[in-house]
Amino acid sequence: MALSRWVVGISTLLLGACGGPLETEEGLPSGDLSSVEQRSEQPGGGTRYGQHRTYYREAAKVNWVGAWYADCSGYITQSGQVTPHYTDTFFICS
């Protein structure tokens, strides 16, 4: 008898601490999901982009001092100096 009260007490504490019994969240479908449309996408989803960043010596962005390049394969190349003055160019990976 004492053991069952202990189990009920611990179970009540755990349910209270964990937010109570499991319920479905708002906005999420519930029930049969057999008719859900499935489609294949590349990892990361949608269109992938590469990036080229050019660093400049001054805020007027006249004198180039460095560059940073992220290609479509995931490789990053950097050369020259890194400054707070830069321009970014993005391109679509094919």
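This is a predicted model: local features need pLDDT of at least 70, side-chain atom pairs count only at pLDDT 80 or more; totals for chains, interfaces and linings use all residues.
Local features need pLDDT of at least 70 and side-chain atom pairs count only at pLDDT 80 or more, while totals for chains, interfaces and linings use all residues. Residues are numbered from 1 along each chain as its sequence is written, and side-chain values use heavy atoms, with hydrogens and water left out.

User: How many aromatic pairs does a search of the whole structure find?
Analyst: Rings of Phe, Tyr and Trp (its six-membered ring) pair if their centres lie within 6.5 Å; planes under 30 degrees apart count as stacked, over 60 as edge-to-face and the rest as tilted. Across the whole structure, the search gives two aromatic pairs.

User: Is the pair of Tyr 55 and Tyr 86 stacked or edge-to-face?
Analyst: The ring centres of Tyr 55 and Tyr 86 are 5.9 Å apart. Their planes stand at 65 degrees, so the pair is edge-to-face.

User: How many residues apart in sequence are the parts that Tyr 55 and Tyr 86 tie together?
Analyst: Strands (E, at least two residues) and helices (H or I, at least four) are DSSP runs, numbered from the N terminus. Tyr 55 belongs to strand β1 (residues 49–56) and Tyr 86 to strand β4 (residues 85–92). The pair therefore ties together parts separated in sequence by 31 residues.

User: Is Tyr 55 buried or exposed?
Analyst: Buried means under 20% relative accessible area, exposed over 50%, and partly exposed in between (1.4 Å probe, protein chains only). The relative accessible area of Tyr 55 is 7%, so Tyr 55 is buried.

User: Is the pair of Tyr 69 and Phe 91 stacked or edge-to-face?
Analyst: The centres of the Tyr 69 and Phe 91 rings lie 5.9 Å apart. Their planes are at 15 degrees, so the pair is stacked.

User: With which residue does Arg 53 form a salt bridge?
Analyst: A salt bridge is a side-chain nitrogen of Lys or Arg within 4 Å of a carboxyl oxygen of Asp or Glu. The structure holds one salt bridge. In the bridge of Arg 53, the closest N and O atoms are 2.6 Å apart, and the partner is Asp 88.

User: How many residues apart in sequence are the parts tied together by Arg 53 and Asp 88?
Analyst: Arg 53 lies in strand β1 and Asp 88 in strand β4. Arg 53 is buried at 19% relative accessible area, whereas Asp 88 is partly exposed at 30%. Because of their strand positions, the pair ties together parts whose separation in sequence is 35 residues.

User: How far is the charged end of Arg 53 from the centre of the Tyr 86 ring?
Analyst: A charge sits over a ring if NZ of Lys or CZ of Arg is within 6 Å of the ring centre and within 35 degrees of the ring normal. The charged end of Arg 53 sits over the ring of Trp 68, 5.9 Å from its centre. It also sits over the ring of Tyr 86, where the distance to the centre is 3.9 Å.

User: Where is Lys 61, which has a positive phi?
Analyst: Most residues other than glycine have a negative phi. Lys 61, although not a glycine, has a positive phi of about 55 degrees. Lys 61 is partly exposed, with 36% relative accessible area, and is found in the loop between β1 and β2.
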